[in-house]
Amino acid sequence: MINAIASQSGFLVLLSLFAVGAAGSLLLRRNDRLANYWNGFFAIAGSLWGILFSLVLLNATRAVSFAAAPSIFPLLSISFKIDKLSAFFIFVITLITLFCSIYGIGYIRHFYNKYSIGALGLFYHLFVLGMLLVVTADNGLFFLIAWEIMSVVSYFLVIYDRNDEKNIKAGFLYLVMTHIATAFIVFAFLLLYKFTGSFDFDAIKSGVSLIPSAVKNAVFVLAIIGFGTKAGIIPFHIWLPGAHPAAPSHVSALMSGVMIKTGIYMLIRIFLDMLQPVPLWWGLGLLVIGSVSSLLGVLYALTEHDIKRLLAYHSIENIGIILLGLGSSLSFLSLGMPSLSLLGLVAALFHTLNHATFKSLLFLSAGSVINETHIRNMEKYGGLIKNMPQTALFFLVGSMAISALPPFNGFFSEWLTFQALFQGVSTLAVSAKWVFVAAAGALAFTGGLALACFVKAFGVTFLARPRSGEAQEAGESSFSLRFAMGALAALTLLFGIFSGHITSLINRVGNDLSVFSCTTSFVSAFPDQSLAVGSFSTVSAPVLLAFLVAAFIVVLLTIKYLVYKNQKVTTGLTWDCGTDLTPRMEITATGFARSIVTIFKAVLKPGISNATEYLDEESRYVPQSRTVILSVKDMYKSYLYKPLDKIAAAMSERAKGIQSGNINAYILYILTALLIALLLVK
Amino acid sequence: MLKLLVKIFSTPDVTIPVTPADCVRTEVMAVGKKIEDQVKRLFRGSLAIRQVDAGSDNACEQELVALSNAFYDVERFGIHFVASPRHADMLMVTGPVTRNMAAAVKRAYDATPDPKIVVAVGDDAIDGGIYRGSYAVLDGVHSVIPVDYQIPGDPPSPKTILCHLLKILESLNGKPAES
């Protein structure tokens, strides 16, 4: 039975479940309700099968590897290879898809009779299918096709809510950025092909010694730009805060929780698997990129008031944290310390899994709030904990996990990342050491700012009093939404408590890569779920949990029996100095973040502009309305993308000279180009 | 609401007579010393007073403010005026209680933690004084909240206020006014 699942046919069943789901949704597009149920059923069945399949493969001894069909093109082979790294990513994808699909059944009801549910189902299934193909493809060209399926289909999901002009714009930016990124990826694969003579990953891997080091470095830069754009590293992230919020919430959860991880998957696959051995500066470069992304990501998140954009910026931050793990892993490997290197990889992969769970949880809870209030601006929320207590609880769990508070899962992967960085600080020579010191500092700083940001997000959204009629009228979400959120919240806790199990599982994933095939990891997990990094430090989830519970009980008892012992407790109104407290007196998201924004004004460049409208423009005694606009300057747009745009525009202006509009001239150009090409290729 | 009404009627408004001659003859310092002893005995050395202006003509406020100036300086006797009824042991209400201020006075009373002492300062606060019978006022603090003590005078001088305060504290007899 187990052999039957972990085989070629098991994988094809997985793909076909999603394919049938896609086709069926399209056929049933006339009936919204039927399409929704079909969509939900096949997505849930497919993800359950995917979880089973990947778990079996993670415990199997050998990888599944096969070519689906003899290809008619010489360089393209539709071949799959599912080793433990792929299986791990299949697990992450299907796990999150499962809960997003359950959530989707209830969530997409409000699209009935507005947009086509069948189309949504089609794109949703194709999207998951694309991601599954991306993490299993074993051929460069086939991979690119899968990558394009994923990218283009997710574009359609971004513009699904097409009545909003902003979504169309965000989708367009996404489409442009993702294709520029694909161009870099294509170029990277072409370089690899030129020197190894094949697009097959295995062939590239075995022929890696043929690649000159300069070309390898070029491939590194191309891959960082290409896959980094998809992963959302700064400064290639500009599409992400626009595109993720535009999609329906359960799709945002998938995009932010899972899709950007495919970029990480390919970085691991290329750097750690295919191009080994690599120079030291690659790892250090990744550390720098990771530090910058995590710090700037969280800083921009602090300035956001749109709840989904805020979460999208946090994805950038967490990708940065994952890159810190991956970067330390690469550095250690180049320095010949595979045991420490495996520690870095485990940290990165564990954080990948954790970020997928808590980020999708946060997006789903944000979606639940948006579904009830129909607004995304946090300043207009407030007091939702009274109307939506369960959603508030789930959002709180997600916030605690993303802020790396124990006993939730975010803590353990960030702890491992810290350990990897500290090991670098304590073992490495001077120059590399300082990069690790800076990275550890950036990570600590990021953790603190993330906590501040989620105090803001949770407090402004759920506490105090409603600041708008919509927030006042909101009610609790339907069962399928609450079930999906609750299950994910439970998972964030379970992944934290059973961090020992998961770490040893990920250790095995690492050992499956050929560079780590006979490496014992520097991090060891014990049956009592405690983790030990060498003899340097240990952490134990059950002990932490027991300590927290004990501390909670002690504080509760102290308050009850010592502080309140001789006191009568009366409830009354808040003292308001005789006036009436209104929601306008509450602290706002802007106000809360303003002090931190001011501290970082060198980076964020906050601006303030006042405008006063007078009743009588002549006398200017009686102001009619005052407007204060606080803004944050987008550095990348003004210093990177605007100049690039200007250069492109100037070049197009030059090119206008040969665009005569005369068809004979164009035929001449084509002929010249053909002749030159023929001469060059011979 | 009914409870409050019952309490308003059941609370005796006590005016402790202080003969003007007594007060004039005594030095501020002597009264102050005695007040300090009482405050130490009853309030562990610190009596917090919240002053509530219930539509007063500001005469009483002038005199109350004078208590804090360099000459009287009541802080040295352990009395201090606080910014919020939440921190107060005693409410000093001035003014005849205009209709607009009635709700605010009641809220301030509710916000003061038990046990609390309410003192109506000035003739206006006791029964409306010169504003008595006006359609705009409610004729005294006792019509809105239960008043425990009254300090007459239009306005009472700072020294008079101190003398009354001493009498009030002496009459408390170890037990602050019932809540």
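I started with the largest pocket, which 47 residues line, with A:Lys166, A:Pro241, A:Asp306, A:Arg309 and A:Arg376 nearest its centre. For my own reference, a pocket is an open set of points on a 1 Å grid over the protein atoms alone, where a 1.4 Å probe fits, with protein on both sides within 12 Å along at least five of seven lines; lining residues have an atom within 4 Å of a point.

I keep in mind that this is a predicted model, where local features need pLDDT of at least 70 and side-chain atom pairs count only at pLDDT 80 or more, while totals for chains, interfaces and linings use all residues. Residues are numbered from 1 along each chain as its sequence is written, chains are lettered from A and ligands numbered from 1 in written order, and side-chain values use heavy atoms, leaving out hydrogens and water.

Then I turned to cysteines. I found zero disulfides over all chains (a disulfide being paired cysteine sulfur atoms within 2.5 Å). A:Cys100 is buried at 0% relative accessible area, whereas A:Cys518 is exposed at 77%. Buried means under 20%, exposed over 50%, and partly exposed in between, with a 1.4 Å probe and protein chains only.

Last, I checked A:Phe143: among the residues it touches (heavy atoms within 4.5 Å) are A:Val134, A:Phe189 and A:Met266, not counting residues up to four places away in sequence.
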